[in-house]
Amino acid sequence: MKLLGIETSCDDTCAAVVENGRVIHSSCIASSAEEQNLYGGVVPEIASRRHIEHISQVTKKALREANCRLEDIDGIAVTFAPGLIGAVLVGVNFAKGLAFSSDKPLIPVHHLRGHIAALYLTHPDLKPPFLCLVASGGHSHIVEVQSYTQFRVLGRTVDDAAGEAFDKVARTLGLGYPGGPAVSRAAAEGNRLAYPLPTPKVEGPYNVSFSGLKTAVLNTVNQLRQKGEEVSVPDMAASFEWRITEILAEKLLCAASDTNAKQICIAGGVAANRALREKLEQGVQKLGARLYLPDLSLCGDNAAMIAAQGFYEYEAKPQARWHDYALNGLPTLPIDYE
Ligand code: KG4
Ligand code: ZN
């Protein structure tokens with residue numbers, strides 16, 4: 001079954017063709033990140049307007065690169081939640097128009113379930129159940145993936161998402177948007193012991209909190225500047241990256257140990273982080289478990305992951321009304337929705 005995936009929940013306009021949830025025939029992205037960088041973060045209206053401008057061309061390109069025409073596609077999978085609502089609606093409406101005009105199934109996909117499905121595209125042997133940290137610009141969850149479409153959230157952030165903390169620290173340090181890769185690049189030249197940063201206390205064994213950590217960076221930078229001292233950007237980036245990845249890795253490994261998970265995964269934009277990957281490689285070995293990392297090209301937003309998850313959503317509910325043209329976009333929706 002070949003699905004066309006459409007993803008527009010943030011600042012990337014994405015389309016892809018994927019077969020049976022596992023084989024990528026094409027994956028195309030037009031990003032407005034460079035323009036968003038001028039404003040230091042994503043401006044929702046700019047994101048929506050760029051989606052409107054790019055979506056037809058990106059979809060055409062994805063079909064062309066897959067050597068397909070719309071007739072060869074068996075369904076349209078689209079991100080319908082969660083995300084910037086104006087941005088989500090562009091993709092939903094476009095997918096709806098395509099599905100309506102071609103009389104194909106329209107398959108709504110949850111964005112975070114999509115991030116998890118990026119792992120199926122990277123690892124042909126990976127099947128649920130497994131434990132997964134999903135860390136993106138808007139979410140940080142530790143999730144038990146019980147089946148392709150059943151999820152149990154064990155822990156989550158109580159305030160900022162991990163990617164959001166990277167973005168805010170990058171802004172404080174004048175490193176631009178998106179912050180994660182910029183902080184990571186700066187950190188490679190820095191000393192992680194230069195600035196001691198706190199591990200915020202939080203209730204719940206697998207919950208995380210990053211707001212205090214972000215504020216600690218801001219306060220340290222401000223205090224140094226008030227004293228007329230300059231902060232070392234590489235040292236602060238390294239100290240922050242080390243601390244936040246330490247927190248994420250520790251919580252995930254703790255959840256893995258308590259649930260006796262033998263397959264441990266990470267997904268979402270932050271899964272591209274090298275320090276996090278290295279820490280988990282070491283920790284997972286000690287647990288006698290196996291670590292699955294998504295390909296770097298599939299960590300950030302893309303439509304291949306949406307088409308992959310779309311396949312499993314479709315398979316799980318063959319009797320569902322997949323022509324529900326009343327589909328709407330939602331700004332928020334739990335990953336374990338029914
Ligand atoms: O999943 P994603 O592409 O979009 C959302 O669904 O939010 O994640 C984007 C987030 C941004 O906050 C970005 O700064 C972060 O992922 N990110 C990283 C890295 N690459 C992207 N964070 C840390 N290290 C990276 N290498
Ligand atoms: Zn995402």
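How many residues apart are K61 and E65 in helix α2? Select residues 44-65 to bring up helix α2, then pick out these two side chains: they are four residues apart, which is about one helical turn. Keep in mind as you look around that this is a predicted model.

**Stop 1: a pair on helix α2**

Zoom in on the ends of the two side chains. K61 and E65 form a salt bridge, and their closest N and O atoms are 3.6 Å apart. Side chains of opposite charge can pair when their charged atoms come close.

**Stop 2: a link between distant parts of the chain**

Next, select R290 and D125. Their side chains meet in a salt bridge, with 2.9 Å from N to O. Here the two partners come from distant parts of the chain, 165 residues apart: R290 belongs to strand β10 (residues 290-292), while D125 sits in the loop between α4 and β6. For R290 the relative accessibility is 40%, so it counts as partly exposed. D125 is partly exposed too, with a relative accessible area of 41%.

**Stop 3**

K168 is partly exposed at 31% relative accessible area, and E164 is partly exposed at 23%.

**Stop 4: strand β4 and its partners**

Switch to a cartoon view and select residues 75-81. This is strand β4, and seven of its seven residues are buried. Strand β1 (residues 2-7) runs parallel to β4 and is joined to it by four bridges. To find a spot where they pair, look for G5, which stands opposite A77 in β4.

Follow the chain from β4 to β5 and you pass through helix α3 (residues 85-102), making a right-handed β-α-β crossover.

**Stop 5: the listed binding site**

Finally, select H111, H115 and D301, which an unreviewed UniProt entry lists under "binding site". Although they span 191 residues in sequence, no two of their C-alpha atoms are more than 8.8 Å apart, so they gather at one spot.

Start with H111, which is found in helix α4. H111 is buried, with a relative accessible area of 6%. Its side chain makes a polar contact of 2.9 Å with the side chain of E7. Other residues that H111 touches include T79, A81, D301 and M305.

H115 is also in helix α4. Is H115 buried or exposed? Its relative accessibility is 1%, so it counts as buried. Show what surrounds H115 and you will find contacts that include V134, A267, C299, D301 and M305.

Definitions and conventions:
Residues numbered from 1 in each chain as written. Chains lettered and ligands numbered in written order. Predicted model: local features only at pLDDT ≥ 70, side-chain atom pairs only at ≥ 80, totals over all residues. Heavy atoms only, no water. Buried < 20%, exposed > 50% of the residue type's maximum accessible area, 1.4 Å probe, protein only. Pairing = 2+ DSSP bridges. Right-handed = clockwise from strand over helix to strand, strands pointing away. Salt bridge = Lys/Arg side-chain N within 4 Å of Asp/Glu carboxyl O. UniProt positions renumbered as here; feature names shortened; annotations may be inferred. Contact = heavy atoms within 4.5 Å. Polar contact = N/O pair within 3.5 Å; in protein donor to acceptor, adjacent residues only side chain to side chain. Lists of a residue's contacts leave out its neighbours within four places in sequence.
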